[in-house]
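Subject: Structure handover and notes

Hello,

Here is the structure for your files. My notes follow below it.

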Amino acid sequence: MPAGRFVPDKADVVYLVIPRVILGAVQDSLRSVKRAWQESGMQTEHMRSQQAIYRFLAAGVSAFVFLGIGLCVSLRGQAPAAAGAASAGATASASEWPTPDARPLEIDRGSAGLWQTLLKLHTRASLLMVTAHPDDEDGGMLAYESRGQGARAALFTLNRGEGGQNVMSDDFWDALGLVRTEELLAADRHYDVQQFWGTVADFGFSKTREEALDLWGHDRLLEDAVRVVRMIRPLVITSVFVGGPTDGHGHHAVAGQIAQEVFQAAGDPKMFPEQIRAGLQPWSPVKMYARVPNFPITDKGMFDSATGKWHPVRFYDFIHGTWSEGPLGTNLEIPQGNDDPVLGATFSQIARQGWSLQKSQNGGGGIPLAAPGATAYHRFGSTIPSGDKEQSYFDGIDISLAGIAELAKGQENAFLKEGLGRINSSVERAMAGFSINDPEKIAPLLAEGLKDTNALIAEVGGSKLSEQAKYDVTHELRAKQEQFQRAIVLALNLSLEAMVAPAREGGRGNIFALPAETLTSVVPGEQFPVRVHLNNPGAAALTLNRVWLATPAGESWSATADPAVPASVGARQALDQRFNVRPPQDAAPTRPYFSRPSEELPYYDKVDEKYRNFSFAPYPLSAWLEFTYMGVPVRVGQVVQTVQQQTGQGAVLNPLVVTPAVSVRIFPEAGITPLGSKSFTLSAQVHTEATAGAKGTVRLDLPEGWHSQPASAPFSLERAGQEQSVRFEVIADRLVTKPYTVTAVAESGGRQYREGFITAGYAGLRPYNLYMPATYRTSGVDVKISSALRVGYVMGTGDTVPQSLENLGVHVQFLNPQDVASGDLQKYDVILVGVRAYTSRPELVTNNNRLLEYVQNGGVVVVQYQSVQYDHNFGPYPYSLPNDAERVVDEHSPVTFADPKSPLLTWPNTINQSDFAGWVEERGHSFMKSWDSHYAAPLETHDAEQDPQKGGLVYARYGRGVYVYVAFALYRQLPDGVPGAYRLFANLLSLPRNPAFKQPGGTNNSAQR
């Protein structure tokens, strides 16, 4: 991909990089905006325009709402490359990538969207917020600054939330990271910010800043932060966190520290000089703020919710290296509760609508009532004199367009001031002439401003300004260039739609016809049609310079216009341009540009530097159109979309992706093999997305001495979307206690395929494919379990335990709500309650007494980790599981045997210290805080400086049965094939036949390996 930038995550706008960045280090040119009215007359005109907009929106008039679908505007105003090139890889446009969003938000359409863009054109205010995870952000502040004040705002999130919970799907770890990436991108559209990411991964809850820094590496974090600051060059850095105990999470505290440190580090050319060599330039923000912590102060001090400890009320300033005693002072309050008549809501409401889209963590939030409200911020650093009480982040900074000349202060910049004055004049005249009912009338003024901006960029390039000044000034002007183009498109009310064309198009002209479904992915070498639709509702014809499809650089795609592109689109006319497209045989699959060998590595060690810190690599196919308006070229673009009809969702549009013709996965992905087992079964699942299907064979690559039945098997798939599972009986000769790897290999069309993909996400969220090798990890384990167990299972959320239990020969019977309410429970030896089931399965709460009756009559209930909804004494005796229930986050924390002779630890497997080796992510979650004396707790564990936690495994005899609560994270360990977790779980499953518990006569107490 040629030097340049792509931004796949910001609605409506394409951002481009000044093509100075070499070898993948990209320079960002974000939208630069903020209302900075200087003249009282203009303020009066502004207020009249806002009142008119409010009346327009309140009346529900929609005739002039912009109906463009995901319109994107190039920053560059240069002439296009030679027309007729089939592949965008040969043109300059290959580095220009539009948003993957199919449609803009309603508040970004039409006159409302145009007015916001005009506000952005009138300022150079900019800020960057630094957080740790998706959903940490102060969305109300971001929406207020970006939408209300016009600042170009960006969000830098250290990790993608891979180690979090998921109440929406079975996606965890790196798949969950993709889910949460897409969720935050959906939220960002409401905040109106551009998104950047670090290259570290969420390894689970962290109690201390020191632990997170030790695992992630301080320099890795700071390097990413410095790079982002140097790309987007914000005036202000801000953070939700302060880097102390009040942050409530080690990751949060690290984000607060890095936000302060990058304030100084980004401007130091000695810091990460390889970035400078790659084309970026140092940048020193003017101010740094962090949100004032909201916490109670008692005579004990301030409480650290992560560790459960009290600390003195004092805060460390990482910029100046000093401590401040007492609470942090408030220098600024952001009035995010203010109402905006143009947008029809408060900024808090707009932000909460976006934050609520992060459903994997919150299940779907709600919109607060409109009410005044403000968020307090403390200023940690400033390079200019600043007062104790401020009205804005930008107090004391010239954020007018004229302020851009400050970047060349003390140099021969008279021409720059004059040019900026002309640009500002065009903007202010456009704002004064803005009309809701006739937005097109200011388009000529916007074209004049764009023309002046283009000319000034060229003049700066040939001037005597220093190279640093040229770099800084051009960065700001290119932001204006992009904003002018967006404003022109909005003023002309243009809409662009680029979609895969269906096999048969029907219903054109029928307003009741549903969009026809299309293919959702394309395989290498497969031809398909694309339709580019442009609607020009304006009063003037548009001269078309070029219509083309942009494809990945370095790949020889074929894209042929059919018929030839016309010279113009008439007034109040639409263009439908069709292309016949064929990707090459070596077309790369659409996949994350970052990866790691396993979830145990807390960062991504394989990163494509071209896209570092962005959300994703660009989608493979986008449509572009360039037209001339008032003598100025303007570009619009959209990622090519696909259509699926989904019940409840309707027509769902998602970007076209490339997938391999054949993919293969192996199920399960990890497990154990009991010693003494003669064989075990694996399934290889072969999948195709090829329209004509695929045929071939699949086999297993096995450890030395092992073999399978069959040795290989044929597969035959007739059409795209089909898959076929092939079961193999694996004969594991000479099995010993060591790890083994089995790989599935599919062969088709002379090629071998050794990986497959899952599509991460859920209904209503844009999906993304995660690729993984088709390998099964196992190890020989000395584990015994009672035979012929009948196990009922109440599924929780994100629960994969049942699949793992098949390694032990246990095939569970899933219990539905009717089974729980009225089914025969006594036919089961054991009933397992899945993780967080009391949150997601209301029938458990309603019918909990039936479970207790089942236990009293001789059954065994094992309740896995639950959340606070379980804190209602659902067990046979009282207990406490509060909202602040303890967790033990270090998977290496020692485990003490409080009762080594406990029946749960001695039969049929004798549990010892080795069974707690090799655990992943954590020891456990939601440990019971207290319990009745009828319960016994045979194990204890705790993190460093944590009080002993005995509530991880708690059980009680009740009647003739046993009731167990287990907070140890067995649900995390089993899918990863941790041997000791299987041995412990086997003991829990074998409780009905444990000799220590008297059972009715005739019970078989035998255990088998």
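How many of the eight residues of strand 25 (residues 632-639) are buried? Eight of the eight are, so to speak, under cover: the strand is mostly covered. Buried means under 20% relative accessible area, exposed over 50%, and partly exposed in between, with a 1.4 Å probe and protein chains only. Helices (H or I, at least four residues) and strands (E, at least two) are DSSP runs, numbered from the N terminus.

Some ground rules. This is a predicted model, where local features need pLDDT of at least 70, side-chain atom pairs count only at pLDDT 80 or more, and totals for chains, interfaces and linings use all residues. Residues are numbered from 1 along each chain as its sequence is written, and side-chain values use heavy atoms, with hydrogens and water left out.

Strands

Back to strand 25. In a regular strand the side chains alternate between the two faces of the sheet. Here Val632, Val634, Val636 and Gln638 point one way. Pro633, Arg635, Gly637 and Val639 point the other way. Both sets are buried.

The partner is strand 24 (residues 622-629), which runs antiparallel to strand 25 and is joined to it by eight bridges. Two strands pair if DSSP finds at least two bridges between them. Across the pair, glutamate 626 stands opposite arginine 635.

The order is 29-31-35-33, with antiparallel pairing. Strand 29 (662-667) and strand 33 (707-709) stand at the edges. Each has a single partner strand, so one side of each is left without a neighbour in the sheet. The twist averages 35° from one strand to the next. For such angles, axes are lines fitted to C-alpha atoms (for helices over the stretch in contact), and values run from 0 to 180 degrees between N-to-C directions. Strand 33 pairs with strand 35 (residues 723-731) over three bridges, in the antiparallel sense. Serine 708 stands opposite valine 730 of strand 35.

Aromatic rings

The structure holds 35 aromatic pairs. Rings of Phe, Tyr and Trp (its six-membered ring) pair if their centres lie within 6.5 Å; planes under 30 degrees apart count as stacked, over 60 as edge-to-face and the rest as tilted. Tyrosine 870 and tyrosine 879 are stacked, because their ring centres are 5.0 Å apart and their planes stand at 20°. Tyrosine 870 counts as buried at 0% relative accessibility. Tyrosine 879 is buried too, with a relative accessible area of 7%.

Phenylalanine 916 and phenylalanine 968 make a tilted pair, with centres 6.0 Å apart and planes at 50°. This pair links distant parts of the chain, 52 residues apart. Phenylalanine 916 is in the loop between helix 19 (903-906) and strand 49 (924-927). Phenylalanine 968 is in the loop between strand 53 (961-966) and helix 20 (970-973). Both phenylalanines are buried.

One aromatic cluster is formed by Tyr838, Tyr870, Phe874, Tyr879 and Tyr965.

Two arginines sit over tryptophan rings. The rule asks for NZ of Lys or CZ of Arg within 6 Å of the ring centre and within 35 degrees of the ring normal. Arginine 314 lies over the face of tryptophan 323, at 3.9 Å from the ring centre. Arginine 546 lies over the face of tryptophan 548, at 4.2 Å.

Salt bridges

The count comes to 38 salt bridges (a side-chain nitrogen of Lys or Arg within 4 Å of a carboxyl oxygen of Asp or Glu).

- Arginine 180 with aspartate 135: the closest N and O atoms are 3.7 Å apart. Arginine 180 is in helix 4 (residues 174-191), and aspartate 135 is in the loop between strand 2 (126-131) and helix 3 (139-148), 45 residues apart. Arginine 180 is buried, at 4% relative accessible area.
- Aspartate 224 with arginine 612: 3.0 Å, N to O. Aspartate 224 lies in helix 6 (residues 218-232) and arginine 612 in the loop between strand 23 (606-607) and strand 24, so the pair ties together parts that are 388 residues apart in sequence. Both residues are buried.
- Arginine 972 with glutamate 921: the closest N and O atoms are 2.6 Å apart. Arginine 972 counts as buried at 7%, and glutamate 921 is buried at 5%.

Best wishes
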